[in-house]
Amino acid sequence: MSQCVNLTNMILYKYLPPARIDIIQKRLIRFTQYGDFNDPFELNPNINKLAEENEIRSLVSRDFVKLVEEEYSNHPLISAFISKEDFIKLALSQEENVKNEVVGIGPHIAKLLPSMIQKMTNRLLGALSLSEICDHELMWSHYAEEHKGYVIGFDSLHPFFNQKILDSDELRHLRKIEYRETPPVINLMNTNGSELFFVKSSKWTYEAEWRMLLPLSDATEVIDKKPYAIYLFKFPVKAIVRIILGARSSNETKSIIHSLLFDSEFSHVELCHAQLDRSSYG
């Protein structure tokens, strides 16, 4: 067995309880909905406005005639009383009033948006959280059942972790979490996926987290559970490069993992066993 030292950031780690040995056995790993995360601030954005007033007015002006034409086409009864040209002229005479109404309703919509975004995202997206660190005592306690579990080290450069369809794709690839002292103040017209999905409180900095999002519709297997179903995604065995047994891992856990790694398809995987350093709490 080798020691877990001289690591590079090419390896990212997943802390797991002993009951989740099936992840190695089946090569199925959960991408979790944001609503099932342990941080209540996840996907709870501070949206102060939809857009600046001048942006709203510009948007309404740019699309106003198109919207009026669509409204006219969608209501054939109107055409019996007024021509399309006269209808557009009538609507244009009220354009400023419409703009004022849209600007006025913006703050009310902004208050409703966080819950709407949460519901939509929990239906559509799952996240896999990994860490740069394999030996953090709090994460071993919180996520690996007080050191009874184990850690999987993944090759972050494996193609599984970069499934981007376009260069601009916000999903399907690993993204480093940005830690901030205060939440971003979001203007929806000038924001991006990073502020919504990849920003956390600086209190979580110790986790050194990277995250990958995938559409839940791409899941290999779905297990029905309330309030959030479990969406499992198949990953290649070559994506695993290291497994670390916890300092308190049971003989049963050790035996199962050892027997799994005897299989030739795991011949490339390094096996480590965590030990306590009593001189440093490490």
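**View 1. The largest nonpolar core holds 34 residues.** Y150, F154, F161, I243 and I257 touch the most other members. A nonpolar core is a set of buried Ala, Val, Leu, Ile, Met, Phe, Trp, Tyr and Cys residues joined through side-chain atoms within 4.5 Å. Buried means under 20% relative accessible area, exposed over 50%, partly exposed in between (1.4 Å probe, protein chains only). The model is predicted: local features need pLDDT of at least 70, side-chain atom pairs count only at pLDDT 80 or more, and totals for chains, interfaces and linings use all residues. Residues are numbered from 1 along each chain as its sequence is written, and side-chain values use heavy atoms, without hydrogens or water.

**View 2. A second, separate core has 14 residues.** Among them are F37, L125, L196 and F197.

**View 3. R27 sits in the loop between α1 (22-26) and β2 (28-30).** Helices (H or I, at least four residues) and strands (E, at least two) are DSSP runs, numbered from the N terminus. R27 counts as buried because its relative accessibility is 13%. Its side chain makes a polar contact with the side chain of E265, at 2.8 Å. Such a contact is a pair of N or O atoms within 3.5 Å; within protein, one must be able to donate a hydrogen and the other to accept it, and residues adjacent in sequence count only if both atoms are side-chain atoms. Beyond neighbours within four places in sequence, R27 is in contact (heavy atoms within 4.5 Å) with residues including D22, F233, P236 and F266.

View 4. C134 is buried, at 4% relative accessibility. C272 is buried too, at 1%.
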